[in-house]
Structures are given as C-alpha cells and as structure tokens.
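Visitor: Please take a close look at a single part of this structure and describe it for someone new to it.

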Amino acid sequence: MSDRTYPYYPGCSLQHRSHAYEVSTRAIAKVLGFELVEMDDWNCCGATEYFSVNRLPAYALVARNLARAADSGAKELVVPCSACYLNLHKTDKNMGLYPALGEKVNKALAAGHLHYEPGTVHVRHLLETVLTDFGLDTLKERARRPLYGLKLAAYYGCLVARPDAVFDSTEQPTAMDELFTALGAEPTPFRLKTFCCGGHMTQISETTALEMIHKIIKNAADSGADALVTICPMCQLNLDVYQGYANRLFDTNYEMPVLYFTQVIGLALGLSPKELGFGQEFVDASGIAAKIQDVPPPRAKPERRSKQALPMPIMPE
Amino acid sequence: MKAAKRSTFYERVVEATPGGKLLGQCLQCGSCGGSCPSGADMDHTPRALFEMINAGLEDEVLSSNTPWYCVSCYACTTRCPQQIPITDIMYTLKEMAIQSGRYEHPGAAKFSETFIGFVEQRGRSFEAGLATRYHLFHHPQQVVKLGMMGVNMLRRNRLPLRPKSIREIDQLQSILAEAKAIAAKERRI
C-alpha cells in the first residue's frame, strides 16, 4: 500500500464520452490511497489520425506533452487511454531509438521554447500502474465485496498489448484475468482478447468495424461472460455504442454490458455503481452488481475424458 | 557536384519510416495479411503491397485502398518475423498518397484531416464537432442516423457540445508550424 502521487494524463476521451472511466479511476484511487495529479495544459495525443497522415507534426504534438511533463519534474506519466498511452510511449521510444527523428522533433519543440530528452518520462498505462504498484495481493486484501459468481471477459484490445508488450504478452495477455481472479470473479475463456475493436473504422467503413465488433461480442457471449471489461475508451465506445448496430447488421440480439476495469475494481472495493459512473453505457449494465453472490460458487469438478478416449485397450471391469 | 539522382519509390518509403530499413528483409511469408482484422476489405494484403513497392509500382501502391483500411491494431507488426514496422509503413503510404493527391478512399483522409483541424485549432479533440463536420460534408445521407446517436449520447451525458481549448495554444501552434516546415523542406530534397 502506498500514499503515492502520480502525474496524470487523462486524454480527451475521458473528459467527454468516457467520463465513467475518469469517475471510476478517481473513485478507486481514493479508496486505494493514491492521487492522480492532472498535468498542466496537456494537449490531444492526435489519436491514430494525426500520426497516420502527418508524421513529424504528430511526433511534435505528442512531444509537447512529454516536454511539459518533464519540465514540471515528472518522472512518470500515468495514462488510462490506450491510444494516448501508445502515442506517448511510442514518441518517447522512437525519439531515443532514431536520433535523427528526435533531433527534428526537438527542433520543432524549440519553436515553443521546449526540449525533450527521450527517456526522461516513463509512460505507464493505468492498468500496469495499478497492478505493479499495488499488486494482486493488496487488491485481494482490499476487496471488501469479492465479485463471487461474476463471469468477466478480459478485453485488452490493441494498443497496450501491441506493439510493445511492456508488461504482458502481445498475443495472450493475462494480467487482467489474474486481476479478476484476485477480486473473486471468474475470467471466462475469451479468445479474442486482443482482437481489434475496429478503431476509427466505424466512421470510415462502418461494415468493416461492425463485423469486428460482432466477432468480439459473440465470442465474449459464447465464453459465458456476464460482461466484457475494457481498458480503453475507444474500445468501450465501439463495443457498447455500436453493439446495437452490429446486432441489426448480423440479425443477433446480444446485450453484453461493456465495463472499464476500474469499475470492476471499484465494485470489489465496495463502491456503489453510481460512484463508479454506471449509467452512461448504451447496453444496460445495471444488473451486474446484482449478479455478485455472497459466497464463492462451488468449484466445477475437472472433467475427465471417457475411457474410450484413452489410447489404451479397454480393460474389462 | 554530381547531380543528385532522384531516389526510388522504395527508398523514399524506407527513408520516411522510422525503422523502415527492415522492409528490405520481407520474406513474403504473409503473416501480416493473415493477422489483419480488416484484410478482407483491402485491395492488396500488406505482403503484396510490399512486393509492389519493391517493384516500383508507385501509382498502384498509392492508389490502393490498403493503407486506408489499416485499423492501427499492430497485429501485423508484432507478428512479423522480420520485425518490419508495418503499421508505420502504412502511415507513410497514407501520407504519400495525400501529398501526391492519389488516394482510393477520400473519406478516410477527410476524417483524419477534420480531426486534425480541431486539434490544431484548440489543442483538444472535439467529437461533437468532428462527427458533425465530417459527416455533413462527406456522408449527408447518414445525418439522420448520426443525429439519433448524438441524442442518445447526449442523454447519457457523453457528448459535450462546447469544445475545450488548451491555455497555451500559441505554443502548440508554433511547434506544429515548425514541424510542418521541417517536413515540407524534407519533401523537397
């Protein structure tokens, strides 16, 4: 347990459409005893849009945040949004890895009287921060209301798992699954945990995105999940807001609530759904808290294969 | 002084991409296309596109829809056995396609440009404005559906109608102007 203060980069999404993520992040911080101090006058990270069409200005855009954070004495920056995390992390990394790029970015920064030395600010995703700095044991200890009986699909999406698997595997990350187990919930065997949610494709080629959203929702439902849990505002938006459109296109009727991992931690810490920003979602998630049981469900007996399946002659009984 | 030889298309793609040199190591294995969640909608899989870059088919490559269907998920990048920064190469191709006025999917470029416009003006993204401006100009037939979604977002308090701005927007704009000037100078070389 620690009384720590973290420099914090919320990103645009948490201020607008994913306010529930911000609310639940602040709520669990209060209970766990850490403080997030929003960095001064941060600007948008450019999402995927800026990098994809205007490389050097995009690096400069992101580097302004890093330089200002470094100037304020920050050694690290905690970021809840996966896209912001990627852009900040990638800019820091590539400025160091490719000195010619770093030089050009710093030349641009100089126009705003700034300079950034790559490696100064350690960019961290909120999930990594909570898991490494507090640890599963602490979280388990603090879980006043363990999430017994709740089946959750851990959805990591793309940009924290890839391209740089900083704290987990790129293909089969398990950090969030372990978190659910520690909190008393049951992680479901959800295969598409790092499959893309479609990103900005909902705006550009909607059917491309809806097909991807459909696959994820179907796979989560097939895995028996009561809810899908995300670590990114873009994933939450696509899977929640566009779930109805995907249902219409594929003639399905899934109603899979899509939560933030901070809301799940908050429920286990004994916070009320209201304190965690529930109610902003399109697919109703109000039933989730009621599914939590008071005692752990009985463990399923491990299934054995039938005798016929053994590669041995069948012995007479 | 020797007259500078104009570099080939392949060289320009490599030059413009951080880590782009690895493109020369492509094995043509197809892991990229096989990993791509939106590959089915692409004119060419990344593997095919790389061979086309190799062959100098600049027109065909820059008018392919492939980079515009890239969802930036980095699945290809992490699975590439040669560690080619495939997603970043797609970004380079998008930028080149815009610069030379050749792109298959004008909607995608316009979406990015509209988004960038708000960021450059205010330092923050502004979704209500982005969705309205982009769709009104480029997908007017979608306006009713979009309006419905907007109303539903508003009802859940997920769509502020007033954009936010950063305090030192002048600083940001000077930085971006300088970065653009550097990039423009490079393109002339």
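Guide: Helices (H or I, at least four residues) and strands (E, at least two) are DSSP runs, numbered from the N terminus. By that count chain A has 14 helices and eight strands. This is a predicted model, in which local features need pLDDT of at least 70 and side-chain atom pairs count only at pLDDT 80 or more, while totals for chains, interfaces and linings use all residues. Residues are numbered from 1 along each chain as its sequence is written, and chains are lettered from A and ligands numbered from 1 in the order in which they are written.

The part to look at is the side of chain A that touches chain B. Two residues are in contact if their C-beta atoms, placed from the backbone, lie within 7 Å. The contact involves 49 residues of chain A and 51 residues of chain B. On the side of chain A, the elements that give two or more residues include helix 1 (12-15), helix 4 (55-71) and helix 11 (206-222). Helix 3 of chain A gives the most, with seven residues. Sorted by type, this side of chain A has 23 nonpolar, 18 polar and eight charged residues. Here Ala, Val, Leu, Ile, Met, Phe, Trp, Tyr, Cys and Pro count as nonpolar, Asp, Glu, Lys and Arg as charged, and the others, Gly among them, as polar.

As for the chain behind this side, 78% of the contacts in chain A between residues at least 6 apart in sequence join residues at least 24 apart. The C-alpha atoms of chain A fill a box of roughly 85 × 45 × 45 Å, taken along the principal axes.
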